[in-house]
Amino acid sequence: MNKNFDQQLLKVNKYSFQKDLIEWFENEMRELPWRQNQDPYRVWVSEIMLQQTRVDTVIPFYNRFMELFPTIETLAYAPEEKVLKAWEGLGYYSRARNLQSAVREVHEQYGGTVPNTPKEISSLKGVGPYTAGAILSIAYGIPEPAVDGNVMRVLSRVLGIWDDISKASSRKIFEEAVRHLIAEHNPSYFNQALMELGALICSPTSPSCLLCPVNEHCLAFAEGIQSELPVKTRKKSTKMIDILTVIVQNQEGEWLVNQRPSHGLLANLWEFPNLEDQQNAPTSVQIQEFLKVDFGLEAIVQKEPWMKQDHVFSHLTWKMLVFTADLNTQETNLYQRAAWKTEQEIEEIALPVSHRKIWRQHLLNK
DNA sequence: AAGCCGTGGGG
DNA sequence: TCCCCAAGGCT
């Protein structure tokens with residue numbers, strides 16, 4: 001472990017730090033839907049939704065989700081498609097499928113009670129080191145570290161930890177620091193306060209150190225090096241992919257949609273048929289061949305796209321060209337995971353944000 | 001270990 | 001416009 005950090009950890013008056021931090025939290029904590037009580041299920045759902053996602057974004061999704069699936073049992077028995085639909089627009093969709101899978105396990109293996117040991121709760125799908133600690137401390141009052149980006153930022157400054165927080169291995173160092181500092185009598189507030197402090201005061205850029213309740217314990221503030229911490233290497237730029245998308249309507253006025261594979265990007269979500277532009281032929285020809293081979297459909301594809309749209313993911317960018325096509329046959333027996341769906345049905349399935357935008361635009365132009 | 005996995009907001 | 005970010009986990 002980092003020697004300087006170790007020395008700093010011993011210098012901090014831990015009980016004074018705990019008191020200053022927790023009293024600040026009691027006065028300043030935001031009223032959030034998942035803070036109404038300590039129901040482990042409600043805490044659990046909130047922690048999954050909050051992974052890599054802002055509080056303001058999560059709130060409306062969380063409220064809707066809890067209305068639809070208020071208990072472990074209701075979520076366990078819900079069809080996956082309903083759960084994905086409730087998650088539409090929130091991103092990282094495997095979170096939703098893992099959550100339901102884990103909830104079903106709790107329902108079946110633990111009699112519907114969320115387990116309260118690190119070993120058991122960490123074995124649940126989608127529950128990693130952070131989420132395990134968060135649920136154990138917030139719902140059960142168990143003094144376990146819950147180290148997220150906020151905690152690493154706050155403690156890197158308070159203790160002068162120079163390890164690169166973008167590396168997975170760094171988390172352990174911060175967990176050790178939390179194990180030393182955590183308030184055994186109130187781990188829930190201690191952990192939440194560290195995160196709340198990171199969100200409200202100890203922000204990534206321009207932290208409000210003068211307002212900080214623990215600034216007298218903070219090494220970075222004492223030395224005026226808040227802006228140097230935490231150390232975080234930036235990730236690589238995203239790659240571009242050219243995507244050709246096609247809107248096809250049958251004689252009944254239904255639209256052709258396809259369900260994505262059950263693994264990988266946007267798993268199990270529905271979308272309008274699309275392929276990567278191979279640039280080995282005119283776009284309309286590529287799409288025509290694609291509809292024939294992948295869907296068994298004869299169609300005439302417009303030469304020019306009626307819409308363009310870029311969509312940026314965390315690790316790649318789709319540059320989308322959207323075409324329309326007219327069926328040239330009555331035979332519409334579809335292959336694979338494709339289906340004809342009515343306008344009403346398309347409203348009720350989960351689409352990626354990019355395809356939902358295309359759909360809205362299509363309805364507008366019709 | 002490092003790449004994959006979404007989205008919308010802010011500087 | 002572009003980049004970074006926001007209560008991470010999985011493989």
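**A chat about the model**

Guide: Arg356 has a relative accessibility of 8%, so Arg356 counts as buried; here buried means under 20% relative accessible area, exposed over 50% and partly exposed in between, with a 1.4 Å probe and protein chains only. One caution: this is a predicted model, where local features need pLDDT of at least 70, side-chain atom pairs count only at pLDDT 80 or more, and totals for chains, interfaces and linings use all residues. Residues are numbered from 1 along each chain as its sequence is written, chains are lettered from A and ligands numbered from 1 in the order in which they are written, and side-chain values use heavy atoms, leaving out hydrogens and water.

Visitor: Got it. Which residue does Arg356 form a salt bridge with?

Guide: Glu347 is the partner, and the closest N and O atoms are 3.8 Å apart. The rule asks for a side-chain nitrogen of Lys or Arg within 4 Å of a carboxyl oxygen of Asp or Glu. Glu347 is partly exposed, at 24% relative accessible area.

Visitor: And which residues are linked with them in a network of salt bridges?

Guide: The network links Lys85, Glu88, Glu347, Arg356 and Arg360.

Visitor: How many salt bridges does the count come to?

Guide: Twelve. One of them joins Arg35 and Glu196, with 3.0 Å between the closest N and O atoms. Arg35 sits in the loop between α2 (14-28) and α3 (40-49) and Glu196 in helix α12, so this pair ties together parts 161 residues apart in sequence. Helices and strands here are DSSP runs, H or I of at least four residues and E of at least two, numbered from the N terminus.

Visitor: Are Arg35 and Glu196 buried or partly exposed?

Guide: One of each: Arg35 is partly exposed at 22% relative accessible area, whereas Glu196 is buried at 2%.

Visitor: Which residue does Glu175 meet in a salt bridge?

Guide: Arg171, at 2.9 Å from N to O. Both lie in helix α11 (residues 170-181), four residues apart, which is about one turn of the helix. Glu175 is buried at 14% relative accessible area, and Arg171 is partly exposed at 23%.

Visitor: What strand does β6 pair with?

Guide: With β7 (residues 316-327), in the antiparallel sense, over six bridges; strands count as paired if DSSP finds at least two bridges between them. The two form a hairpin with three residues between them, and Asp310 stands opposite Lys319 in β7.

Visitor: Changing topic to pockets: what volume does the second largest pocket have?

Guide: About 500 Å³. On a 1 Å grid over the protein atoms alone, a pocket is an open set of points with protein on both sides within 12 Å along at least five of seven lines, and lining residues have an atom within 4 Å of a point. Points are joined across faces, edges and corners, and the volume is the space filled by probe spheres set on them.

Visitor: How many of the lining residues are charged?

Guide: None; the lining divides into ten nonpolar and nine polar residues. Ala, Val, Leu, Ile, Met, Phe, Trp, Tyr, Cys and Pro count as nonpolar, Asp, Glu, Lys and Arg as charged, and the others, including Gly, as polar.

Visitor: Last one: which residues does a cis peptide bond join?

Guide: Leu229 and Pro230, with omega about 0 degrees. Pro230 lies in the loop between α13 (219-223) and β1 (239-249).

Methods:
On a 1 Å grid over the protein atoms alone, a cavity is a set of points where a 1.4 Å probe fits but cannot get out, and a pocket is an open set with protein on both sides within 12 Å along at least five of seven lines; lining residues have an atom within 4 Å of a point.
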